[in-house]
Amino acid sequence: MSNSPATEPKPSYVKLAMRNMVRKGGTSMKHFGLTAIGLLAVLVGLAYLTR
């Protein structure tokens with residue numbers, strides 16, 4: 001992690017995202033779970049189709 005000015009705004013975005021996730025933890029985790037399952041299903045489907 002460099003201290004250059006270009007990468008300076010990034011921590012604030014991360015902090016904002018973390019705070020947002022903590023505030024609505026249940027919904028956030030549910031959406032993350034659904035996304036993970038969906039992505040896995042797509043990958044398994046593609047693997048099945050292209051075997």
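Is Phe32 buried or exposed, and why? Phe32 counts as exposed because its relative accessibility is 57%, where exposed means over 50% relative accessible area, buried under 20% and partly exposed in between (1.4 Å probe, protein chains only).

The legends below describe a predicted model, in which local features need pLDDT of at least 70, side-chain atom pairs count only at pLDDT 80 or more, and totals for chains, interfaces and linings use all residues. Residues are numbered from 1 along each chain as its sequence is written, and side-chain values use heavy atoms, with hydrogens and water left out.

**View 1. The protein chain has two helices and zero strands.** Helices (H or I, at least four residues) and strands (E, at least two) are DSSP runs, numbered from the N terminus. Of the 51 residues in the protein chain, 0% are buried.

**View 2. A nonpolar surface patch is formed by Met21, Met29 and Phe32.** Together these residues have about 340 Å² of accessible area (Shrake-Rupley method, 1.4 Å probe; for residues, only the protein chains shown count as cover). Patch residues have over 30% relative accessible area and no salt bridge, with nonpolar side chains (Val, Leu, Ile, Met, Phe, Trp, Tyr) joined within 5 Å and like charges within 9 Å. A salt bridge is a side-chain nitrogen of Lys or Arg within 4 Å of a carboxyl oxygen of Asp or Glu. Phe32 lies in helix α2 (residues 25-49).

**View 3. Lys15, Arg19, Arg23 and Lys24 gather in a surface patch of positive charge.** Charges are placed at NZ of Lys and CZ of Arg. Lys15 belongs to helix α1 (residues 10-23).

Notes. Lys and Arg count as positive and Asp and Glu as negative; His and the chain ends are not counted.
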